[in-house]
Structure formats: structure tokens, C-alpha cells
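Good morning, and thank you for making time on the agenda. I would like to take you through one protein model, and I ask that you keep the display in view as I speak.

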Amino acid sequence: MQKTIKIRKFAVVAALSLLVIAGCGKKPGPSGKTDPKKAVTAADSAATATKVPFALKEGKRLFSHYCAVCHAETGDGSGQYYGLTPTPANFTDKAFMKTLSNEMLFKAIMEGSASVGKSNMCPPWGKSFHREELEFIVTYIRTLAVN
Ligand code: HEC
């Protein structure tokens with residue numbers, strides 16, 4: 001008997017909270033419309049998801065932030081740090097990129113260019129990124145070769 005009452009009480013409380021939740025969902029925002037910020041974000045990510053895969057988007061963001069200062073936004077090696085000797089690798093050069101395996105790219109990026117027998121002008125980035133982020137960067141770099 002005691003148990004049945006408890007269960008009923010619970011059912012009533014549950015039903016009431018459902019009503020409250022449902023009511024809140026339908027309540028209009030302060031302006032009387034749905035939140036415009038939310039609508040834009042959802043539409044944005046939907047559009048991006050169909051156009052650019054996340055890996056490339058993220059790879060581009062990281063490359064732009066950490067590498068473009070030397071390698072340039074285009075990846076051709078003409079970044080703002082001009083006068084570097086040797087010049088930063090040119091990722092838009094198809095012939096050059098063909099000589100580099102993904103493993104070599106990973107190694108050069110993680111341990112610096114000196115680790116692959118080049119100069120020490122490209123710093124090691126292994127401690128700055130997660131493995132997944134490095135994969136995003138390599139995926140992105142692989143899209144830059146145009147000629
Ligand atoms: C301070 C300037 C600088 C920054 C910042 C920089 N690089 Fe470099 N990078 C260089 C230079 C210079 C070389 C050419 C080294 C050589 O050929 O001896 C190079 C070469 C490379 C190479 C080619 C290595 C090879 O095997 O020839 C890769 C890959 C590379 N960088 C990736 C990156 C990535 C990814 C980032 C950002 C996370 C980055 N670099 C940031 C200057 C930079």
C-alpha cells in the first residue's frame with residue numbers, strides 16, 4: 001500500500017515536470033521570436049558540414065594559426081618571416097610534395113625539420129598538438145599542391 005502511494009506520487013511529480021519542460025520549450029524568447037544566435041549557428045554548421053569536412057576545416061585553422069607565418073596562408077613558403085634560409089617548404093609544389101610520404105610529414109612536423117635531415121629552421125611541434133590535430137594538419141597540407 002505504502003509503495004503504491006509512493007509510485008503514484010512519483011508519477012504525479014514526473015507528469016508535472018514534463019508539463020513544465022514542455023511549456024518552457026514553447027515559450028517564445030524575450031523578443032517573441034526564436035533565438036537568432038542559435039538559428040545561425042545551426043545553419044552554419046549544417047552548411048559547413050556539407051561543404052568542407054571537419055578535418056580540413058580544423059587543419060586549415062591550425063595551419064593558419066601556427067604555420068602560415070613562415071609557410072604562408074597558401075602554403076607556398078612565402079610567409080611574413082621572410083629571409084629564412086632555407087626558405088620554408090613549399091606545399092603547393094606537387095613534385096616536391098610527391099617526394100614526401102605522410103610518415104615523413106608527420107616526423108618533420110612532430111620532431112622538426114632537422115629530424116628528417118634538413119635544417120633546424122622548422123621547429124618541432126609534437127608537444128603542441130594531439131595526434132588527431134597533426135592528422136588534420138597533414139590532411140590539409142596535402143590539399144595545397146596545385147601545380
Ligand atoms: C619559423 C618558421 C616556421 C614555422 C612557424 C613553421 N615552419 Fe615548417 N618549415 C620552415 C622552414 C624554414 C622549412 C624548411 C626546412 C629545410 O628545408 O631545411 C620548413 C619545412 C617544413 C616541412 C618540410 C620538411 C621536409 O621534409 O622537407 C614541413 C612538413 C613543415 N615545415 C611543416 C610545418 C607545419 C605543419 C608547421 C606548423 C605547425 C610549420 N612547419 C611551421 C619554417 C617554419
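The protein has six helices and zero strands, where helices (H or I, at least four residues) and strands (E, at least two) are DSSP runs numbered from the N terminus. Along the sequence the pattern reads α-α-α-α-α-α. This is a predicted model, in which local features need pLDDT of at least 70 and side-chain atom pairs count only at pLDDT 80 or more, while totals for chains, interfaces and linings use all residues. Residues are numbered from 1 along each chain as its sequence is written.

Of the 147 residues in the protein, 12% are buried. A residue is called buried if 20 or more other C-beta atoms lie within 10 Å of its own, exposed if 12 or fewer, and partly exposed in between, with C-beta atoms placed from the backbone. Turning to contacts between residues at least 6 apart in sequence, 45% join residues at least 24 apart; two residues are in contact if their C-beta atoms, placed from the backbone, lie within 7 Å.

Let me now turn to helix H6. As a general point, an α-helix has 3.6 residues a turn, so residues three or four places apart point the same way.

How do H3 and H6 meet? Their axes come within 7 Å and cross at roughly 90°; axes are lines fitted to C-alpha atoms, for helices over the stretch in contact, and angles run from 0 to 180 degrees between N-to-C directions. The two helices are therefore roughly perpendicular, the term for 65 to 115 degrees. On the H3 side the contact includes Leu 56, Leu 62 and Phe 63, and on the H6 side it includes Phe 136, Ile 137 and Tyr 140. By class, the contact residues divide into eight nonpolar, two polar and three charged. Here Ala, Val, Leu, Ile, Met, Phe, Trp, Tyr, Cys and Pro count as nonpolar, Asp, Glu, Lys and Arg as charged, and the others, Gly among them, as polar.

Leu 134 also belongs to H6. It is partly exposed, with 19 other C-beta atoms within 10 Å. Beyond its neighbours within four places in sequence, Leu 134 contacts Phe 106, Ile 109, Met 110 and Phe 129.

Of the 23 residues around it, Cys 67, Cys 70, Lys 118, Ser 119 and Cys 122 come nearest, a residue being near if its C-beta atom, placed from the backbone, lies within 6 Å. H3 and H5 are the elements that give two or more residues to this shell, and H3 gives the most, with five. The shell has 19 nonpolar, three polar and one charged residues.

Most residues other than glycine have a negative phi, and most peptide bonds are trans.

How values were computed: Angles under 35 degrees count as roughly parallel, over 145 as roughly antiparallel, 65 to 115 as roughly perpendicular and the rest as oblique.
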